[in-house]
Amino acid sequence: MRIWRTPILWLAVLLALTLGMDGLEPLFRLIQPDTQSVIYQRETFLFLLGNHVLLVLISATIGTFAAVAGGIFATRPSGRDFLPLVSQIASIGQTFPPVAVLALAVPVLGFGEGPTLVALVLYGLLPVLRNTLAGLDGIDPAVTEAARGMGMSARQVLFQVEIPLAGRVILAGIRTSVTINIATAAIGSTIGARTLGDPVIAGLVNGNTAYVLQGALLIGLLALMTDSLFETLEKLWARRLAPTVSPA
């Protein structure tokens with residue numbers, strides 16, 4: 001239970017601030033004394049937090065599946081020739097600024113969550129793909145040869161030996177990707193997606209620093225909680241899930 005202490009602590013702080021933002025009105029009024037409304041009221045912070053998390057979760061699931069599948073394909077003998085192409089495609093996805101992706105996607109998908117998901121998926125591919133390639137290529141060939149010598153099929157070697165051994169490195173890539181996209185998702189508020197970027201955008205438009213701080217605080221706490229959660233998962237993977245395979 002001790003290993004979960006840090007992510008649980010950050011989650012408690014995040015929820016406390018999300019549900020109790022109104023209680024900090026006197027503090028925000030010191031920052032913005034000449035404004036009638038200093039607490040963002042157009043949507044509840046709980047709704048914005050839930051929608052923000054949902055967007056990141058969906059995009060992370062799609063991006064992780066695509067990047068891990070691409071990494072596995074590029075490290076198989078039949079896919080080695082495509083390794084530069086796979087890496088270039090993922091790099092292009094992160095080279096494009098999220099705002100540019102949103103601008104290109106809006107005419108096709110309209111305003112709202114759709115273009116935001118496209119931008120998040122493209123922006124999150126590269127860290128996962130790089131770590132998948134590094135994790136799978138970093139496995140000692142003697143280990144996989146020993147597994148084949150024990151009679152394992154190629155599929156069994158992949159899922160019972162390679163993926164578990166490379167899992168912690170892959171998790172580190174997913175951790176980077178998700179943490180980046182928690183901040184990137186806020187940009188979706190510029191095209192109608194309901195995220196924690198709403199108070200930030202409203203504050204910038206109306207010159208309300210209190211709004212900006214409220215959105216930024218929640219985004220920062222969500223990123224810290226998520227980062228500590230993945231750190232815990234990496235430790236658990238290393239302790240309990242990664243098998244030890246020795247050459248026979």
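**Exercise 1. Aromatic pairs**

Task: In this predicted model, how many aromatic pairs does the structure hold, and which residues form one aromatic cluster?

Solution: 
1. The count of aromatic pairs in the structure is 2.
2. Two values are needed for each pair: a pair of aromatic rings is described by the distance of the centres and the angle of the planes.
3. For Tyr-40 and Phe-45, the centres are 6.2 Å apart and the planes make an angle of 55°. Planes under 30 degrees apart count as stacked and those over 60 as edge-to-face, so the rest are tilted. The pair of Tyr-40 and Phe-45 is tilted.
4. Tyr-40 also pairs with Tyr-211, at 5.5 Å centre to centre and 90° between the planes, which is edge-to-face.
5. Tyr-40 lies in the loop between H2 and H3, whereas Tyr-211 lies in helix H10, so this pair ties together parts that are 171 residues apart in sequence.
6. Tyr-40, Phe-45 and Tyr-211 form one aromatic cluster.

**Exercise 2. Accessibility of the cluster**

Task: Is Tyr-40 buried or exposed, and what holds for Phe-45 and Tyr-211?

Solution: 
1. The cut-off for buried is under 20% relative accessible area.
2. Tyr-40 has 3% relative accessibility and therefore counts as buried.
3. Phe-45, at 5%, counts as buried.
4. Tyr-211 has a relative accessible area of 9% and is buried.

**Exercise 3. Length and sides of helix H1**

Task: What span should the 15 residues of helix H1 have, and how far apart are its end C-alpha atoms?

Solution: 
1. Helix H1 covers residues 5-19. The expected span is 1.5 Å times one less than the number of residues, so H1 should span 21 Å.
2. The end C-alpha atoms of H1 are 21 Å apart, which agrees with that value.
3. Buried in H1 are Pro-7, Leu-14, Leu-17 and Thr-18.
4. The background is helix geometry: an α-helix has 3.6 residues a turn, so residues three or four places apart point the same way.
5. Exposed on the other side of H1 are Arg-5, Leu-9, Ala-16 and Leu-19.

**Exercise 4. A nonpolar surface patch**

Task: Which residues make the nonpolar surface patch of about 450 Å², and which element gives the largest share?

Solution: 
1. The patch is made by Leu-27, Leu-30, Ile-31, Leu-213 and Leu-217.
2. Two or more of its residues come from each of helix H2 (25-31) and helix H10 (209-241).
3. H2 gives the largest share, 3 residues.
4. Leu-217 belongs to helix H10. Its relative accessible area is 40%, so Leu-217 is partly exposed.

**Exercise 5. Ala-66**

Task: In which helix is Ala-66, and what is its relative accessible area?

Solution: 
1. Ala-66 sits in helix H3 (residues 45-75).
2. With a relative accessible area of 41%, Ala-66 is partly exposed.
3. Gly-112 is 46 residues from Ala-66 along the chain, and their C-alpha atoms are 23 Å apart.

**Exercise 6. The whole chain**

Task: How many helices and strands are there in the protein chain, and what share of its 248 residues counts as buried?

Solution: 
1. The protein chain has 10 helices and 0 strands, in the order α-α-α-α-α-α-α-α-α-α along the sequence.
2. Along the principal axes, its C-alpha atoms fill a box of roughly 75 × 45 × 20 Å.
3. Of the 248 residues, 44% count as buried.

Key:
Residues numbered from 1 in each chain as written. Predicted model: local features only at pLDDT ≥ 70, side-chain atom pairs only at ≥ 80, totals over all residues. Heavy atoms only, no water. Helix = DSSP H or I, 4+ residues; strand = E, 2+ residues; numbered from the N terminus. Buried < 20%, exposed > 50% of the residue type's maximum accessible area, 1.4 Å probe, protein only. Patch = residues over 30% accessible without salt bridge, like charges linked within 9 Å, V, L, I, M, F, W, Y side chains within 5 Å. Areas by Shrake-Rupley, 256 points an atom, 1.4 Å probe, with all protein chains shown as cover. Salt bridge = Lys/Arg side-chain N within 4 Å of Asp/Glu carboxyl O. Phe/Tyr/Trp six-rings, centres within 6.5 Å; stacked < 30°, edge-to-face > 60°.
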